[in-house]
Amino acid sequence: SGRGAHDDGGEESASLLVAVLCGGPSAERGISLNSARSVLDHIRSPGIDVECFYFDRALRAYAVSTKQMYSNTPSDFDFKLRGRDSARDGRGDSPLSFFPDPASLASHLASRRAIAFPAVHGAFGEDGSLQAVLEEAGVPFVGAGAGAAAAAFDKRLCASALFSFGFPV
């Protein structure tokens, strides 16, 4: 469905594009897939278009269908996607689009005015790294910003920040 207002002065008709991001380099990739499936189960509704992107261990990103999201483990994704990156150009115009790095995916999402929903767990997903890439590209996303995520992920830094606000740690 289209984006933007009708030119005839009628009611505005817009779809929101939400990009669910999952996978990643950590051992928590399986949990990430479960989180992404939960997002898919609850976000689908009229006016919201959803696309899914899976990061492999090397942080290459692939567009994957929602059907694939419900039938695969991280090992399945890695096996099925192995070798496909060399056949993709990073423009995001094929059913199994490939993006060689997070910045390429973020640029693609920015050009499509998507909102990212990060469901990547562990390092890269929760330490502020993914958030920094999205912020740099101007992609709005769900969750804490890069600085807050980095502070919360680092236990020592988090404890220090909480202590400075009067919380016992």
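**Close-up views of a predicted model**

Phe-55 counts as buried, with 1% relative accessibility; buried means under 20% relative accessible area, exposed over 50% and partly exposed in between, with a 1.4 Å probe and protein chains only. This is a predicted model in which local features need pLDDT of at least 70 and side-chain atom pairs count only at pLDDT 80 or more, while totals for chains, interfaces and linings use all residues. Residues are numbered from 1 along each chain as its sequence is written, and side-chain values use heavy atoms, with hydrogens and water left out.

**View A. The pair of Phe-55 and Phe-124.** The structure holds three aromatic pairs. Rings of Phe, Tyr and Trp (its six-membered ring) pair if their centres lie within 6.5 Å; planes under 30 degrees apart count as stacked, over 60 as edge-to-face and the rest as tilted. Phe-55 and Phe-124 are edge-to-face, at 5.2 Å centre to centre and 75 degrees between the planes. Phe-124 is buried, at 7% relative accessible area.

**View B. The pair of Tyr-62 and Phe-98.** The ring centres of Tyr-62 and Phe-98 are 5.4 Å apart and the planes stand at 50 degrees, so this pair is tilted. Tyr-62 is buried at 2% relative accessible area, and Phe-98 is buried at 8%.

**View C. The surroundings of Ser-26.** Ser-26 counts as buried at 12% relative accessibility. Leaving aside residues up to four places away in sequence, Ser-26 touches Arg-57, His-121, Gly-122 and Ala-123 (contact means heavy atoms within 4.5 Å). A polar atom of the Ser-26 side chain lies 3.1 Å from the backbone oxygen of His-121.

Key
A polar contact is a pair of N or O atoms within 3.5 Å; within protein, one must be able to donate a hydrogen and the other to accept it, and residues adjacent in sequence count only if both atoms are side-chain atoms.
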